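Please view the sequence and the model below before reading on.

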Amino acid sequence: MITLKDLAATLGVSVSTVSKALKDSPEISKDTIARVKVIAKELNYRPNTLALSLKNRQTKTIGVIIPDILNVFFARILYGIEQESTALGYNIITCLSNESYEKENNSLNLLANGSVDGFIMSIAQETQSNGEVKHLKDTINQDVPIVMFDRVANDVECDKVIIDDFNAAFKGTEILIKEGRKKIVLINSLGELSVGKLRVLGYKKALEKHDSYKGEALVIEIDDNEALLNDQLERVFTEHTDMDGLLCIDNVSGIMSVNIAQRLGRKIPEDLSVLGFSSDEISHLSYPQLSTVTQHAVEIGQQSVRMLVDRLKNKTKGQTTTATIDFTIELRGTTLSL
């Protein structure tokens with residue numbers, strides 16, 4: 001690898017002169033700058049980024065850990081992270097936990113050794129289900145800041161970016177109640193995840209609040225295994241033939257439910273209203289198009305970067321903040337409230 005010393009020896013100047021010339025310093029003449037850059041290009045000189053990061057104690061790189069790259073929601077958040085990181089002069093290194101605590105922990109250990117300045121992450125399902133947070137606290141205690149998004153650990157002191165999952169489900173359920181639906185079912189494929197729990201609570205609270213709704217809360221837990229999803233949802237329809245309102249709190253079940261319902265002879269939305277949680281990009285995959293509680297995934301990613309970079313620049317400790325990204329409810333063809 002060609003070094004600054006090699007360039008200086010070739011040009012017959014000092015290392016300091018070469019360094020300043022490569023940075024277009026006004027202390028160096030234009031002719032010298034041009035000559036240094038020509039030789040640097042000919043010799044294929046590349047700055048030693050590791051040495052620079054050690055010198056500056058900053059890599060200008062963010063570690064990103066996401067649970068599932070095939071999930072459209074997380075893919076859109078990653079897009080937002082990449083966009084904002086580039087705009088602020090940072091690179092990203094992306095790791096996938098694939099919902100595994102072990103992989104998540106390995107990624108933190110791999111990158112927290114000086115490869116990145118901080119992390120943006122949504123914790124793995126296994127991590128949250130088991131209540132594992134020591135690896136997260138250890139990373140923060142090493143002065144490597146973390147910003148969590150969507151799935152967060154409430155007992156870890158770090159900045160967080162969320163949507164108001166409780167109110168999102170509450171408002172969505174209210175729409176079905178105001179349509180006059182008599183049996184509103186919630187499909188939960190998010191298990192013990194914090195976002196799933198909050199959405200279930202929001203659904204139940206909406207039913208309790210409205211005296212006009214006489215039915216009981218009915219939460220049906222299903223596996224998020226895509227190979228099993230169709231059969232599980234069909235069973236819901238055959239076991240609850242009088243169901244006339246359906247709230248699906250993930251981004252796939254709503255689409256599949258609309259298609260299954262019509263295959264079984266149910267008219268959408270006359271017989272059954274369906275509301276999903278989704279990003280806009282997949283709502284068109286059902287006919288009629290799915291009404292959704294829309295999460296602004298790109299904005300979540302962008303806000304996560306801004307919060308991390310702000311903490312890195314100000315080098316602040318304590319006083320962590322939680323940013324709540326607003327949601328919108330997009331009423332399309334699967335509800336009566338058009």
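Contact here means heavy atoms within 4.5 Å. The structure is a predicted model, in which local features need pLDDT of at least 70 and side-chain atom pairs count only at pLDDT 80 or more, while totals for chains, interfaces and linings use all residues. Residues are numbered from 1 along each chain as its sequence is written, and side-chain values use heavy atoms, with hydrogens and water left out.

**Serine 194**

Leaving aside neighbours within four places in sequence, serine 194 is in contact with Gln128, Asp150, Arg151 and Val152. Serine 194 belongs to helix 10, residues 194–209; helices (H or I, at least four residues) and strands (E, at least two) are DSSP runs, numbered from the N terminus. Serine 194 counts as buried because its relative accessibility is 15%, where buried means under 20% relative accessible area, exposed over 50% and partly exposed in between (1.4 Å probe, protein chains only).

An open sheet is built from six strands in the order 2-1-3-4-5-11, with parallel pairing; two strands pair if DSSP finds at least two bridges between them. Strand 2 (91–96) and strand 11 (322–325) stand at the edges with a single partner strand each, so one side of each has no neighbour in the sheet. From one strand to the next, the twist averages 20°; axes are lines fitted to C-alpha atoms, for helices over the stretch in contact, and angles run from 0 to 180 degrees between N-to-C directions.

Strand 1 pairs with strand 2 in the parallel sense over six bridges. Isoleucine 66 has leucine 96 in strand 2 as its bridge partner.

**The nonpolar core**

A nonpolar core is a set of buried Ala, Val, Leu, Ile, Met, Phe, Trp, Tyr and Cys residues joined through side-chain atoms within 4.5 Å. The largest such core has 23 residues, of which Ile62, Ile77, Ile81, Ile120, Phe149, Val161 and Ile300 touch the most other members. Helix 13 provides the largest share, seven residues.

Not counting residues up to four places away in sequence, isoleucine 300 touches Phe73, Ile77, Phe149, Val161, Ile163 and Ile325.
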